[in-house]
Amino acid sequence: MYEYPSIISVIKRNESQDLQNIMKRKCSILGAPVNRLPWGTDEKDFRCKRIKEMLREDISFLCFTGVKEWHLVPDEGIGMFAGEILTSVKEQLFHDLIIRCTLPCSSWKETWQDDIKKRNDAWLLKCSHIKTLPFFQKSSLPGTNMYSALTEEIEDSQLIIGIYDLNDYMKYDDAVDYAVFHLKIEKKHYRFINPSTLQYSRA
């Protein structure tokens with residue numbers, strides 16, 4: 001079991017407000033795409049199971065401290081897990097949670113398998129707000145639409161939690177790498193779980 005107080009230290013670092021003011025905070029969830037997860041799409045892998053447990057524990061604890069608003073982007077892996085967990089936590093424990101979702105474009109799930117589409121559709125129906133970005137056809141930035149969706153959620157949040165190996169920072173040159181670059185530039189507080197070691201890193 002890992003230490004919950006470390007989450008509070010991330011939220012309250014250099015802050016003078018009392019714990020009640022945390023309810024004004026917004027959190028977002030960022031995840032490495034499926035091709036960067038060591039288990040790929042195998043949800044029976046022990047690391048995948050543990051990652052889901054850790055996400056649920058972190059999300060539940062932050063909700064207990066008063067965080068009421070969450071922002072995320074759906075995908076075939078971590079975004080889907082986070083959406084399923086958040087909507088479950090809302091139904092079971094915190095009925096007043098606000099869950100905002102940004103879709104990269106109108107065709108965001110065309111290439112996905114049918115079961116993954118259905119799972120994402122199921123939790124999206126329970127979101128408070130859904131926004132679809134216009135399609136950007138020309139850009140030199142990898143995954144421009146996904147990058148735009150991720151940076152939008154980062155800019156709207158004070159704390160970003162998620163699944164990302166900082167040892168692979170900018171190794172894949174994809175939208176998630178550039179999103180992490182963005183949150184560093186913006187000096188956002190973050191708390192990532194390494195999908196390989198299941199260890200935390202934070203700033």
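Strand β6 (residues 189-193) and strand β7 run antiparallel to each other and are joined over three bridges. Within this pair, arginine 191 has arginine 202 of β7 as its bridge partner. The model is predicted, so here is how to read it: local features need pLDDT of at least 70, side-chain atom pairs count only at pLDDT 80 or more, and totals for chains, interfaces and linings use all residues. Residues are numbered from 1 along each chain as its sequence is written, and side-chain values use heavy atoms, with hydrogens and water left out.

**The sheet**
- β6 and β7 belong to an open sheet of seven strands, ordered β4-β3-β2-β1-β5-β6-β7 with mixed pairing; two strands pair if DSSP finds at least two bridges between them.
- Strands here are DSSP runs (E, at least two residues) and helices are runs of H or I with at least four residues, both numbered from the N terminus.
- The edge strands, each pairing on one side only, are β4 (129-132) and β7 (200-202).
- From one strand to the next, the twist averages 20°.

**Helix α3 and its surroundings**
- Helix α3 packs on the sheet, where it touches β1 (26-31), β2 (69-72), β3 (98-103) and β5 (159-163); contact means heavy atoms within 4.5 Å.
- The direction of α3 makes about 160° with that of β2; axes are lines fitted to C-alpha atoms, for helices over the stretch in contact, and angles run from 0 to 180 degrees between N-to-C directions.
- Because 12 of its 15 residues are buried, α3 is largely enclosed by the rest of the structure; buried means under 20% relative accessible area, exposed over 50%, and partly exposed in between (1.4 Å probe, protein chains only).
- The buried residues of α3 include Ile78, Phe81, Leu86 and Lys90, and the buried set packs against β1, α2 (46-65), β2, β3, α4 and β5.

**Where α3 meets α4**
- The axes of α3 (residues 78-92) and α4 (residues 114-124) come within 9 Å and cross at roughly 35°.
- On the α3 side, the contact is made by Gly79, Met80, Phe81, Gly83, Glu84 and Thr87, and on the α4 side by Ile116, Arg119, Asn120 and Trp123.

**Two loop residues with positive phi**
- Aspartate 173 is not a glycine, yet has a positive phi of about 55°; this aspartate lies in the loop between β5 and α6 (175-185) and is partly exposed, with a relative accessible area of 38%.
- Leucine 198, also not a glycine, has a positive phi of about 65°; this leucine is found in the loop between β6 and β7 and is buried, at 18% relative accessible area.
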